[in-house]
Amino acid sequence: MLEIVEKLYNKLPNEAPYGMTELYESLSYPKPTFSSFRNQISALELAGCIIVKTSEEKASKKSVILTEDLRIELQRDVYD
């Protein structure tokens, strides 16, 4: 789960967000199953850490982004 948050943090807000499949494919090996990955995404979303929304590029694609609050917390507490 930390790898997911780190990848989303490193994606700048002005860059195109990761798609769900693109984010999964970018994970290092050994990868979790896609089902397990999706459960982690759901847990992060329920905790208010990320937002999963329909992509602006393609209606069938889901984009995954960090919430601004988590981005600020990570910047302040981890990366500063």
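The buried residues of H4 pack against H1 and E3. Keep that in mind as you work through this predicted model.

**Exercise 1. Find which residues of helix H4 are buried and which are exposed.**

Step 1: Start with the buried ones, which are Leu70, Arg71 and Leu74. Seen around the axis, they cover an arc of only 105°, so they sit on the same side of H4.

Step 2: Turn to the other side of H4, where you'll find Asp69, Arg76 and Asp77 exposed.

Step 3: Check Asp77 against the cut-off. Exposed means over 50% relative accessible area, and Asp77 has 52%, so Asp77 is exposed.

Step 4: Now try Glu68, which also lies in helix H4.

**Exercise 2. Work out how the axes of H1 and H4 are arranged.**

Step 1: Two packed helices are described by the angle between their axes and the distance between the axes.

Step 2: For H1 and H4, the axes come within 11 Å and cross at roughly 95°.

Step 3: Angles of 65 to 115 degrees count as roughly perpendicular, so H1 and H4 are roughly perpendicular to each other.

Step 4: List who makes the contact. Val5, Leu8 and Tyr9 take part from H1, and Leu70, Arg71, Leu74 and Gln75 from H4.

**Exercise 3. Describe the buried face of H1 and say what covers it.**

Step 1: Pick out the buried residues of H1, namely Ile4, Val5, Leu8 and Tyr9. Looking down the helix axis, you see them fall within an arc of 130°, so they line one face of H1.

Step 2: Look at what lies over them. The cover includes strand E1 (18–19), along with H2, H3, E2, E3 and H4.

**Exercise 4. Find the largest nonpolar core and the elements that build it.**

Step 1: In soluble globular proteins, nonpolar side chains tend to be buried together.

Step 2: Here, the largest nonpolar core has 19 residues, and Ile41 and Ile50 have the most contacts inside it. Elements giving two or more residues to this core are the helices H1 (2–10), H2 (20–26), H3 (34–46) and H4 (68–77), plus the strands E2 (50–54) and E3 (62–66). H1 gives the most, with four residues.

Step 3: Zoom in on Ile50. Setting aside neighbours within four places in sequence, Ile50 touches Leu8, Ile41, Leu44, Glu45, Val64, Ile65, Leu66 and Thr67.

**Exercise 5. Decide whether Ser63 is buried or exposed, and list its contacts.**

Step 1: Locate Ser63 in strand E3.

Step 2: Buried means under 20% relative accessible area. Ser63 has 4%, so Ser63 is buried.

Step 3: Leaving out neighbours within four places in sequence, Ser63 is in contact with Pro17, Tyr18, Gly19, Ile51, Val52, Lys53 and Ser55.

Terms used:
Residues are numbered from 1 along each chain as its sequence is written. This is a predicted model: local features need pLDDT of at least 70, side-chain atom pairs count only at pLDDT 80 or more; totals for chains, interfaces and linings use all residues. Side-chain values use heavy atoms; hydrogens and water are left out. A nonpolar core is a set of buried Ala, Val, Leu, Ile, Met, Phe, Trp, Tyr and Cys residues joined through side-chain atoms within 4.5 Å. Buried means under 20% relative accessible area, exposed over 50%, partly exposed in between (1.4 Å probe, protein chains only). Contact means heavy atoms within 4.5 Å. The arc is that of the directions from the helix axis to the C-beta atoms. Axes are lines fitted to C-alpha atoms, for helices over the stretch in contact, and angles run from 0 to 180 degrees between N-to-C directions. Angles under 35 degrees count as roughly parallel, over 145 as roughly antiparallel, 65 to 115 as roughly perpendicular and the rest as oblique.
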